Amino acid sequence: MSHGRDIGEAIVRPRLSIPGRLGLLLLALFGLLPVYWLTATAFMKKEAVFALDRPLFPVDPTLDNFIGFFQNDLLLQNLKNSFIVSTGTAVLAVLVGAFMAYSLSKFRYSGRNAIMFMFLIGQLIPGALLLISLFLMLSSVNLLYTYTALIISFTTFTLPLTVFLLKGIIDGLPDDILEAAKVDGLSRIATMFKIVFPLIVPGLITAAMFAFMRGWSDLLFALTLAGPDKQTLPAGLTQAFIRDGTADWPALMAASLITSLPLAIIFILLQRYFVSGLASGAVKG
Amino acid sequence: MQQAILDRPATRETTEPRSGRRTTLGAKDRTFGFMIALPAVLLFLVIAIYPLVSSIGTSLYDQSLLRPERTFVGFDNYTAIFGEFVARLGTTLTFATLATIFPVLLGVALAVLLNARIRGRNILRGTLMLPWLLPGVVVSFLWAWIFNDSYGVLNHLLTMVGLPEVSMLGNPTGAMAAVVIAKTWHSFPWIMVVALSVLQTLPSEQLEAATIDGATRSQRFRYISLPHIVGPVALVATLEFIYNFGNFDTIFVMTGGGPGDSTTTLAVSLYQLAFGSYELGKASAMGVLWLILLAIISSAYLLLNRRLEKR
């Protein structure tokens, strides 16, 4: 690294002043202390958090709260539902979304711009606005309180994101590849499945994971369209929380950690993409 | 929410066809292109667009989940809920505005600070993403626990340093502050990541030239860095505002809209009307009024989007 580069680096990335460091520390504490408290509480005994001299760290740590979660049939059913619904959403969203993205990226037809506009607007519609009609419609076709109801709803609301993500990636594929496939006599469907999709596997996985997270985190639809047997963890925990009040905070925090764990794993797998590639490519800079 | 970051590509969809494509794609290709778009379009029409349109119909009926039949009442539902709508709109605007301003300030501040040379900044940036990652309900449970009047850690800490306890969820102002803080905590990482990535695209030559010309550090920030990030940040702020406007989980879990109706936003109110009182017609009327507002706000977003696109 040359001397001149060092000076440039010092200007672009100046050292932090003392007030700057202090500010960063305070903001970081605001960001991270609640995460600590979530984790710490999950390992505390129920009596400990209600005691007068309640500690700020798990003095006598216990796994009971986690064990309790896995002994609770209702929560286990919720967990299973969460996996089924989120996986279903991921698969359907990627399949339908990849078709759509390929279409928007490499084909021109009338109505194409209208479709893109519809999806751009679609991502701004809040779920609450669709709730009643969706409820009535699903009920009239006997799909209320089924996995299908949740999966198709989540898929729809993940589609704009899935489509625009994949379209961005397919846009980067040179047209020569498609033309070569055509010259080789490959059908249009074969070109899509044998040439295009294999080339964008990382994008497909990323889109699938985002769709999974969407299905995993939702509350509103899970609460209204799923019914007691099919509802996912956020809805199950919320109903238990409202019903039982604040009876057992450590158990709730442990359940919260378990609910967050799959998302943390996905984040670790995708972190590079999240932090650097995505944000910088996503915003016009 | 996590879709937010990825929504960004939506703003860049105007990529023009590369040269040579039009000459090789025939009518059959166009048909094929349209056919593979159909599943997504149909799903979207049935699950998103049709419900929006059909809610306009429902809003004209006296319809309840408790009765199978419905009766046409014209605009009665609208007159019945209008006062309620205006009140809830005020609460929604308060929440959406505050829950947008604070994450933006916090996120931009963190981005600027993390853009400096500092040890462990990658680790810090990574771990500060954690709040954004958690499902909304988990964020709500966590902050409800922190703010718990009797056993919450906030009051515990306040007592330890000799300060008076605060009642957050028990009074109207405190409850609004509590949900805003929770939402701020959930959203700031997204703004931080966007602002940071935009800051990193700033050409270093500009900053170096300004330094040679004698610009101080604060001048460089004021006249070079800040104008550079203001557009993208305004865009994410608008999106954040739109999402906050429709927020359900933070408020519903933490306060249920209370105490009283001090934190009852449009989303919570609509849910309560529909699934608490089973008044589908009135709830739909509220939704339609909301939809009209949303159209106005969305136009602002699209306009901003287009302007940035042209830049």
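These legends describe close-up views of a predicted model.

**View 1. The interface of chain B and chain A.** Contact involves 126 residues of chain B and 113 residues of chain A. The two chains bury about 11,200 Å² between them. Carbon and sulfur atoms account for 75% of that area. Twelve residue pairs are in polar contact across the interface, both partners being at pLDDT 80 or more. On the side of chain B that touches chain A, helix α3 (residues 27–58) of chain B gives the most, with 24 residues. By class, this side of chain B has 79 nonpolar, 28 polar and 19 charged residues.

**View 2. A salt bridge between Asp29(B) and Lys182(A).** Side chains of opposite charge can pair when their charged atoms come close. Here the closest N and O atoms of Asp29(B) and Lys182(A) are 3.1 Å apart. The cut-off for a salt bridge is 4 Å, so this pair, at 3.1 Å, qualifies. Two salt bridges are found across the interface of chain B and chain A. Over all chains, the whole structure has nine.

**View 3. A salt bridge within chain A, Lys45(A) to Asp60(A).** The closest N and O atoms of this pair are 2.8 Å apart. The pair links distant parts of the chain, 15 residues apart. Lys45(A) sits in the loop between α2 (18–42) and α3 (46–50) of chain A. Asp60(A) sits in the loop between α3 and α4 (64–70) of chain A.

**View 4. Packing of helices α10(B) and α11(B).** Helix α10 spans residues 204–212 of chain B, and helix α11 spans residues 217–245 of chain B. They pack at an angle of about 150°. Their axes are 11 Å apart. The crossing is right-handed. From α10(B), the contact uses Gln206(B), Leu207(B), Ala210(B) and Thr211(B). From α11(B), it uses Arg220(B), Ile224(B) and Ser225(B). The residues of this contact divide into three nonpolar, three polar and one charged.

**View 5. A cis peptide bond in a loop of chain B.** The bond joins Gly258(B) and Pro259(B). Its omega is about -5°. Pro259(B) lies in the loop between α12 (249–254) and α13 (266–275) of chain B.

**View 6. A positive phi at Asn142(A).** The phi of Asn142(A) is about 60°, although this residue is not a glycine. Asn142(A) lies in the loop between α7 (127–140) and α8 (147–171) of chain A.

Note on methods: Residues are numbered from 1 along each chain as its sequence is written. Chains are lettered from A and ligands numbered from 1 in the order in which they are written. This is a predicted model: local features need pLDDT of at least 70, side-chain atom pairs count only at pLDDT 80 or more; totals for chains, interfaces and linings use all residues. Side-chain values use heavy atoms; hydrogens and water are left out. Axes are lines fitted to C-alpha atoms, for helices over the stretch in contact, and angles run from 0 to 180 degrees between N-to-C directions. Helices (H or I, at least four residues) and strands (E, at least two) are DSSP runs, numbered from the N terminus. A crossing is left-handed if the near helix is turned anticlockwise from the far one by less than a right angle, and right-handed if clockwise. Contact means heavy atoms within 4.5 Å. Ala, Val, Leu, Ile, Met, Phe, Trp, Tyr, Cys and Pro count as nonpolar, Asp, Glu, Lys and Arg as charged, and the others, Gly among them, as polar. Buried area is the accessible area (1.4 Å probe) that two parts lose on being put together, summed over both. A salt bridge is a side-chain nitrogen of Lys or Arg within 4 Å of a carboxyl oxygen of Asp or Glu. A polar contact is a pair of N or O atoms within 3.5 Å; within protein, one must be able to donate a hydrogen and the other to accept it, and residues adjacent in sequence count only if both atoms are side-chain atoms.
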